Amino acid sequence: MTTTPDNNKTEQHHPIYDVIISGAGPVGLFLASELALAKCSVLILEKMEDSHSQLKQLPFGMRGLSAPTIETLYRRGLLKELELHKVLKNPHQKAQQGPRRQLGHFAGIPFHAGDVDTSQWKYRLPGATDTSLLSSMEEMETLLGRRAEALGVVIMRGLAITDFHQTEDEVTVHSGAQSFKGKWLVGCDGSRSAVRKLGGFEFAGTEPEFTGYSALVDIADPEKLKPGRNVTATGMYLQSQPGYLVIQEFDGGAAHGSKKPITLEHVQEVLRRVSNTDVTINALHMLTTWTDRARQATAYRNGRVLLAGDAAHIHAPLGGQGLNLGLGDAMNLGWKLAATIHNKAPEGLLDSYYTERHPIGVQVLDWSRAQVAIMMPQPEARALHAIISDLMNTRDGATYFAGRVWGIFTHYDLGGDHPLLGYSVPNFEFEDGTTIGELMHDGRGILLDFDRNDSLKPLVGEYDDQIKYISGSVKDRLGVSALLIRPDGIIAWASDNASDSGEFQEAIDRWFAYNSVITQS
């Protein structure tokens with residue numbers, strides 16, 4: 001349900017929600033959906049009255065979805081609702097097809113289809129979802145907003161959070177004269193997060209090296225610009241379609257931070273410097289700027305207040321990993337916060353949100369910084385750029401970079417020795433054609449028992465509201481006998497023979513057991 005506030009009312013009789021989320025972007029909407037799926041009451045407060053924006057539409061709003069995000073949507077039955085990827089062209093792809101078809105890039109250096117050896121990813125089965133897809137912010141918000149409302153999430157627009165205070169039991173959130181109460185507050189309100197600032201979270205990191213421009217223009221002589229993504233001595237430019245430009249210039253972020261309006265003349269000067277041409281811009285229709293500032297909250301939780309998405313971390317949009325990183329936060333946090341609210345969380349479960357997701361954020365920020373470092377105009381950076389380019393033109397190099405860009409290597413360090421532990425569960429296909437991903441729509445954990453081991457099923461009997469038992473033969477079991485899969489699709493335990501039920505019980509205790517533990521709801 002979406003509502004708009006009556007800001008003249010000063011007396012409210014709102015219910016106490018399980019969770020209040022600040023921000024109705026994709027991360028906030030998906031987190032709300034995960035919580036509502038787990039029977040939590042959720043209120044989203046969004047500062048913008050109208051969610052529509054041209055910057056969310058194509059071409060400005062184009063986003064690449066990585067393998068973990070695609071798996072997440074598939075496991076909640078949402079992937080089939082995406083339509084744009086069926087008609088969109090990859091903006092990094094030049095005219096070449098076949099083995100030289102560009103699949104993505106690192107710092108503007110492409111990797112090609114013929115160089116990526118997917119056989120090195122031995123746990124990706126033939127029925128796996130795509131490694132990458134194209135979408136837009138508008139499509140993602142529409143899809144996830146529809147999902148949230150169908151699950152009963154209340155969305156109130158035109159309400160910016162102006163203050164909040166928390167006690168041991170609840171959080172009171174203020175938006176002007178209005179106030180709302182929740183057991184928990186999550187800031188999904190972007191890079192300028194009010195929740196992060198009001199909550200006193202430290203946001204540590206590095207300052208920018210460049211200003212980036214995304215512009216819709218009329219160009220008098222577009223033939224002077226090379227097609228595709230071009231890294232030059234002073235920056236980078238990309239013309240993915242007629243009139244849509246992406247430009248980076250290494251000015252220390254000065255233009256983005258300037259209070260002066262950016263004019264057509266300024267954009268033309270920047271484009272000429274970066275492209276080393278005398279190209280002429282006749283009209284500037286729309287423009288947005290951005291930088292490579294990279295910062296991350298040093299903690300994701302302060303009492304009953306948590307952060308997710310850009311509120312927790314920001315970086316350059318090189319490779320488009322920001323949306324994917326935020327949706328990964330939401331998938332990880334949702335089931336853990338829900339279990340805490342329902343007093344079904346083992347000790348330390350909610351804290352594992354930070355210990356698992358913060359290192360992933362560090363990796364993405366460093367990946368972004370590394371790209372900036374080898375794109376800079378200094379001779380040392382150009383030398384590194386040449387070496388990386390050579391590596392990416394090898395089979396192993398291209399496979400590594402593709403795996404990193406697409407999130408194939410994403411995993412959590414959960415301890416233990418099994419090579420699947422902490423990774424996303426492969427999309428096992430049963431003999432009847434059903435896949436494990438299709439059995440995860442309800443958001444519960446799964447004990448997947450290929451051998452119908454009599455000693456395992458009784459151990460999850462008392463957790464049947466959290467874990468469902470599934471047995472049967474699959475077309476390729478990858479040598480595994482049984483797996484315990486968390487609600488977020490991460491493998492919490494795996495065995496090749498299931499002879500030792502002790503480790504399985506430890507995994508149950510770590511992720512699901514709550515009988516002897518009093519949790520903070």
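**Aromatic rings and their contacts**

R196 lies over the face of F203, 3.7 Å from the ring centre. R304 is placed over the face of W184, at 4.8 Å from the ring centre. A charge counts as over a ring if NZ of Lys or CZ of Arg is within 6 Å of the ring centre and within 35 degrees of the ring normal. The model is predicted: local features need pLDDT of at least 70, side-chain atom pairs count only at pLDDT 80 or more, and totals for chains, interfaces and linings use all residues. Residues are numbered from 1 along each chain as its sequence is written, and side-chain values use heavy atoms, with hydrogens and water left out.

Rings of Phe, Tyr and Trp (its six-membered ring) pair if their centres lie within 6.5 Å; planes under 30 degrees apart are stacked, over 60 edge-to-face, and the rest tilted. This rule gives 18 aromatic pairs. Y300 and Y353 make a tilted pair, with 5.6 Å between centres and 50° between planes. The two residues are 53 residues apart. Y300 sits in the loop between β18 (294–297) and β19 (301–302), Y353 in helix α8 (residues 352–375). Helices (H or I, at least four residues) and strands (E, at least two) are DSSP runs, numbered from the N terminus.

W367 belongs to helix α8 and F401 to helix α10 (residues 395–405), so the pair ties together parts 34 residues apart in sequence. W367 and F401 are both buried. One aromatic cluster is formed by F106, W367, Y400, F401 and F409.

Note on methods. Buried < 20%, exposed > 50% of the residue type's maximum accessible area, 1.4 Å probe, protein only.
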